[in-house]
Every structure is written in structure tokens, then in C-alpha cells.
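Please examine the sheet and helix packing of the model shown here. The briefing below is grouped by topic.

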Amino acid sequence: MSADRDSLFHEAAAPQASRELAELRTSRDYTPPFLIVRRRVIDDYYEGKMTIDATVVIRVGDVEETEAARGVGVVHALDLALRKALLKYFPFIEAVRVTETYMHGSGESTEAEVVSVKKFSDGHHAWTTLAKSVNTVEAGWSSLVDGYEWRIHSELQRTLRSSNNPRLSRR
């Protein structure tokens, strides 16, 4: 990537879902639909192959939920564990999938800032998130969590609007 194109990439506006979440999170009355209590990843070499196990603990309201999963990479394992925990409270995310993911590092060392972009779809809507960090896993994890949080918040708002207005279609 050329230097000009590289700088344009990093100066581009954040995708809509990331912008909306950033705005929501600065609002005093915003309550996220779930909180990440902790996450843990074990990156291991077992029986001749790489094994990635992830455990995620979330809080929805006053309830904590713990789930674990094995994936082909760190963010994949975290995605599977997070989905398992979220599905118990938000079954509509069953259809949500990460349809495209990419990361880009900018800098001359292993401390370079990494940008993670995730594109999501639920078969009806598509949205994109972007997160930056000097930690590759953190950037990928943050863009993943943002995608689920944005979709859950959007669905909860849609449900609230339709329940407050009986003339709206429930399709």
C-alpha cells in the first residue's frame, strides 16, 4: 500500500455502526445490552496441531454467563464463545455472521497500531465496525464486540418503537 493510500485509510471516517456506538456510549442514559466481565484465550499446541480455546464471561442485567469455545484462531474462538453466551438472551443474533474481516497494521515495528474492520450481516441488514489498538487481538475483539452490541441495541430499539406504536407493522 502506498504511503498516500495508507494515510487515507487511517483518516477515513469510522463506519456507521462504530460511529453510532461511539455516540451512544457518550450519552448519560445509554446502558449497553451486555458487558464483558472477562475473557481468556489459551493458545496451545496439542497433539501436533494448534488449538485455540476461549472463555468469555458476560453480564446481562444482574446475571453473569460463562461460555467457552474452540476456534481456528483467537478472534474466531472468542466469537464462538461470545455468541453462545449472547444467544441465551438475544436469540435474534442467531442469524448474525461476520461476513468479512481484515486487519491492517501501520508502522515500522511490532508496536504499530492495528486497525480491525469487521463486516456483519443478519441476512437483512449489513453493518461494519472498526477498532484500533496496538494489540492485534484487542483490535479484532473490540470490532467483534461492537458489531454484536450495535445489532442488539438496534433490535431492542426497533422492538421498543413498535411496542410503543401499535400502528407500526410487526414484520
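Are helix 3 and helix 4 roughly parallel or roughly antiparallel to each other? The model is predicted: local features need pLDDT of at least 70 and side-chain atom pairs count only at pLDDT 80 or more, whereas totals for chains, interfaces and linings use all residues. Residues are numbered from 1 along each chain as its sequence is written, and side-chain values use heavy atoms, with hydrogens and water left out.

**Helix pair**
- Helix 3 and helix 4 pack at an angle of about 25 degrees, their axes lying 10 Å apart (axes are lines fitted to C-alpha atoms over the stretch in contact, and angles run from 0 to 180 degrees between N-to-C directions).
- The two helices, helix 3 and helix 4, are therefore roughly parallel to each other (angles under 35 degrees count as such).
- Residues making the contact (heavy atoms within 4.5 Å) include Leu78 and Leu82 of helix 3 and Trp141 and Leu144 of helix 4.
- The residues of this contact comprise 11 nonpolar, one polar and two charged (Ala, Val, Leu, Ile, Met, Phe, Trp, Tyr, Cys and Pro count as nonpolar, Asp, Glu, Lys and Arg as charged, and the others, Gly among them, as polar).

- Strand 2 (residues 49-60) pairs with strand 1 over 11 bridges.

**Helices on the sheet**

Notes. Pairing = 2+ DSSP bridges. Helix = DSSP H or I, 4+ residues; strand = E, 2+ residues; numbered from the N terminus. Parallel < 35°, antiparallel > 145°, perpendicular 65-115°, else oblique.
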